Amino acid sequence: MTGLLVVTAVPAEAEAVRAGLPDPSTAVLPVGVGPAVAAATTARLLALAEAAGRPYRGVVSAGVAGGFAGRADVGATVLGSVSVAADLGAESPAGFLPVDELGMPPEWLGGGLALAADPGLLAALRAGLPTATVGAVLTVSTVTGTAASTDALRRRHPDAVAEAMEGYGVAVAAAQAGVPFAELRTVSNPVGPRDRDAWRMREALAALTTAAAALT
Ligand SMILES: O=C(O)c1cccc(C(=O)CC[C@H]2O[C@@H](n3cnc4c(=O)[nH]cnc43)[C@H](O)[C@@H]2O)c1
């Protein structure tokens with residue numbers, strides 16, 4: 001059994017995590033932006049480790065995220081209690097219909113639209129990050145960029161603290177491999193109308209380096 005696998009979307013996030021790791025032998029790898037490439041690449045990494053007789057002890061999806069104002073502001077650290085596929089569904093005149101409300105059983109969805117963090121791994125991360133905000137982290141394929149879609153997400157997910165683009169995909173890969181999963185994010189921007197000037201990437205990456213100390 002090897003240690004933790006930490007997957008980020010892009011190299012800058014991986015470098016920020018590595019810079020704060022207490023154990024430099026922890027694997028930190030960028031697996032791409034969005035749920036599909038993150039799921040496929042993580043699944044391959046987990047399968048290769050298992051085939052080599054050195055399965056990972058757990059996998060953490062880490063990186064920057066948009067935070068829901070009043071729940072997780074810019075610079076905050078967030079731990080996902082659950083990673084949610086927030087835009088997997090169907091549009092209708094009455095609004096968005098999540099795919100699990102269309103009669104599809106959880107097994108068709110890799111375990112469901114909301115995959116909970118492993119309790120032991122989450123507890124360990126909470127212990128190392130006592131000021132982190134804990135709540136649902138949404139996974140979206142399209143970055144939310146209007147007030148209307150922000151309000152709709154807030155209504156549909158009153159427990160959501162942040163949104164990003166990889167967590168649910170990594171969670172599906174981990175569930176298929178039977179490996180504990182958690183999601184760790186630092187907030188680079190508020191979820192809301194698109195405004196690149198509101199981005200604080202340097203601050204979020206610095207917070208990621210600080211938070212990485214909990215990844216023992
Ligand atoms: O150009 C824009 O307006 C824009 C706004 C938000 C994010 C992007 C990205 O290309 C970053 C995607 C990347 O970062 C994570 N991330 C960070 N903030 C958010 C967000 O508000 N909503 C969704 N994802 C976000 C995400 O996990 C990706 O890896 C561009």
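The shell around the ligand comprises, by class, nine nonpolar, five polar and four charged residues; here Ala, Val, Leu, Ile, Met, Phe, Trp, Tyr, Cys and Pro count as nonpolar, Asp, Glu, Lys and Arg as charged, and the others, Gly among them, as polar. The model is predicted, so that local features require pLDDT of at least 70 and side-chain atom pairs count only at pLDDT 80 or more, whereas totals for chains, interfaces and linings use all residues. Numbering runs from 1 along each chain as its sequence is written.

Among the 18 residues around the ligand, those that come nearest are Ala9, Gly66, Val143, Ala164 and Met165; a residue is near a molecule or strand if its C-beta atom, placed from the backbone, lies within 6 Å of it. Two or more residues of the shell are given by each of strand 3 (58-67), strand 9 (160-164) and strand 10 (181-190). Helices (H or I, at least four residues) and strands (E, at least two) are DSSP runs, numbered from the N terminus. Strand 3 supplies the largest share of the shell, four residues.

Strand 3 also pairs with strand 1, in the parallel sense and over four bridges; pairing requires that DSSP finds at least two bridges between two strands. In this pairing, Leu4 has Gly58 of strand 3 as its bridge partner. Strand 1 is likewise joined to strand 2 (residues 27-30) by four bridges in the parallel sense, with Leu5 opposite Ala27. From strand 1 the chain passes through helix 1 (residues 11-20) to strand 2 in a right-handed β-α-β crossover; right-handed denotes that, with the strands pointing away from the viewer, the path from the first strand over the helix to the second runs clockwise.

Strand 1 (residues 4-8) is mostly covered, with five of its five residues buried; a residue is buried if 20 or more other C-beta atoms lie within 10 Å of its own, exposed if 12 or fewer, and partly exposed in between, with C-beta atoms placed from the backbone. One face of strand 1 carries Leu4, Val6 and Thr8 and the other Leu5 and Val7, and both faces are covered.

Helix 5 (residues 167-177) is mostly covered as well, eight of its 11 residues being buried. Those buried in helix 5 include Gly167, Tyr168 and Val170. Just after helix 5, Gly178 adopts a positive phi of about 70°.

An unreviewed UniProt entry lists residues 31-213 as "domain: Nucleoside phosphorylase". Over residues 31-213, the chain is 32% helix and 26% strand, and the end C-alpha atoms lie 21 Å apart.

Methods: UniProt positions are given in the numbering used here, feature names are shortened, and annotations may be inferred rather than shown by experiment.
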